[in-house]
Amino acid sequence: MRGFKGIVFVLSRVNRNRSALGEKGLSGVSNASLGFYTVWAAHLGRRYGILQALSRRKRRAGTGAIARACGLHEPAVRVWCEAARSLGLIEGGGDGYRLPADRRALLANPDDVRFLGGQFSYLALRSLDFGAFDAFFRRGEAGAPARRHLREASEEATRWDHTSFLEFLLPRMADVRSRLRAGARVVDVGCGTGGWALTMARAFPRSRFTGIDPDREAIRIATGRNAGGDRRVRFLVGSGAASMRDSGPYDLAYLGEVLYGVKDKLRLLRQVRRSLARDGVLVVAEGLVAPARRAAEPAAQLVAAMGIDFALQGARFFRRSELDALLADAGFRRVKFHDAGGGLWFVVAGVDPSAFGSERGGAARTPRGDR
Ligand SMILES: C[S@@+](CC[C@H](N)C(=O)[O-])C[C@H]1O[C@@H](n2cnc3c(N)ncnc32)[C@H](O)[C@@H]1O
């Protein structure tokens, strides 16, 4: 989740001065409506490659040229360009359109820490499943229709987490960074379509990564994304101890926006702890409910609003104290919370040696030659 800080920034930028004088009572409605269309225009621009095509051009491009470059229907491109210009996503008019430099990073460069395109796509894709609210409100459970676009939406949203892990968190964890540089064993629990493990494998060529997820389709996609067949990276279908056992013990375990959606959280965390080496490190990425004194801040409001999306998934956000207690119960200690901004936290913990001694037998602890 969800560079909310950034989304708030973009929406306020692109919609500023929209509330005309004399429209006071309705200004909230028009801003909300413009926010809705901004989310969709940004998502469509990314989905059909228009923003990416504009980001590659130095000069303005006409709608015919954009349509040809992207293989799209020109009248659809024209209407999108006018909407996107009006919303402040792009600039231009009759003689062509351009994507200003500051918006290239925000909307078209997924490797930039300022990139927010994925958050817009997350919101748009999740809204495609909101038809399931009928069942949720009437029967209390929405079932599979609530999750049809969840995998794709999550893949879009967590791009930012992965960049933030590299650029925000690792500089604060010098020891983990040097272990990754030297060659570490890493498990990505709930790896989804593999984005974190693959990004990390590119950044740390001496380390090995095992991604585990119960979602067979996600693992199929992740394996396909490992196009060069990099043997340092492997993806396995699974969720618990058995799938973590054979390639551990691990120096680092990552749970990126996984825990909130897991039914037996304590059990999973204990399994992860047993798969770690004595000096292993756990990193959990989660959105956290803001304390009451910060409830009026935009990121806190968005986390609270997003509660309806999480409820539809049968989940909810953690409170900080709750996650802290859960990690202690599972045998972790030295828990540190890092606020990455926009509602996302990285929570870093070490293995409690007393828990380590009392519960052997999780991972096969054979001596390793490559440490
Ligand atoms: C929001 S996605 C995050 C994917 C990935 N960590 C990332 O950063 O892109 C959550 C993932 O957790 C997986 N998951 C759910 N329950 C799990 C469990 N018990 N053990 C492992 N993974 C689980 C889901 O299948 C899904 O792929």
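## Ligand shell

Helices α9 (150–169) and α11 (195–203) each contribute at least two residues to the shell around the ligand. Helices here are DSSP runs of H or I with at least four residues, strands are runs of E with at least two, and both are numbered from the N terminus. With three residues, α9 provides the largest share of this shell.

There are 20 residues around the ligand, and those that come nearest are Thr 158, Gly 190, Gly 192, Ser 239 and Gly 256. A residue is near a molecule if its C-beta atom, placed from the backbone, lies within 6 Å of it. By class, the shell holds eight nonpolar, eight polar and four charged residues. Ala, Val, Leu, Ile, Met, Phe, Trp, Tyr, Cys and Pro count as nonpolar, Asp, Glu, Lys and Arg as charged, and the others, Gly among them, as polar.

## Basis of the model

The model is predicted; local features need pLDDT of at least 70, side-chain atom pairs count only at pLDDT 80 or more, and totals for chains, interfaces and linings use all residues. Residue numbers start from 1 along each chain as its sequence is written.

## Chain and strand pairing

The chain contains 18 helices and nine strands. Of its 371 residues, 41% count as buried, that is, with 20 or more other C-beta atoms within 10 Å of their own, C-beta atoms being placed from the backbone.

Strands β4 (residues 208–213) and β5 (residues 233–237) pair in the parallel sense over five bridges; pairing requires at least two DSSP bridges between two strands. Thr 210 has Arg 234 in β5 as its bridge partner. Between β4 and β5 the chain passes through helix α12 (residues 216–225), in a right-handed β-α-β crossover: with the strands pointing away from the viewer, the path from the first strand over the helix to the second runs clockwise.

How values were computed: A residue is buried if 20 or more other C-beta atoms lie within 10 Å of its own, exposed if 12 or fewer, and partly exposed in between; C-beta atoms are placed from the backbone.
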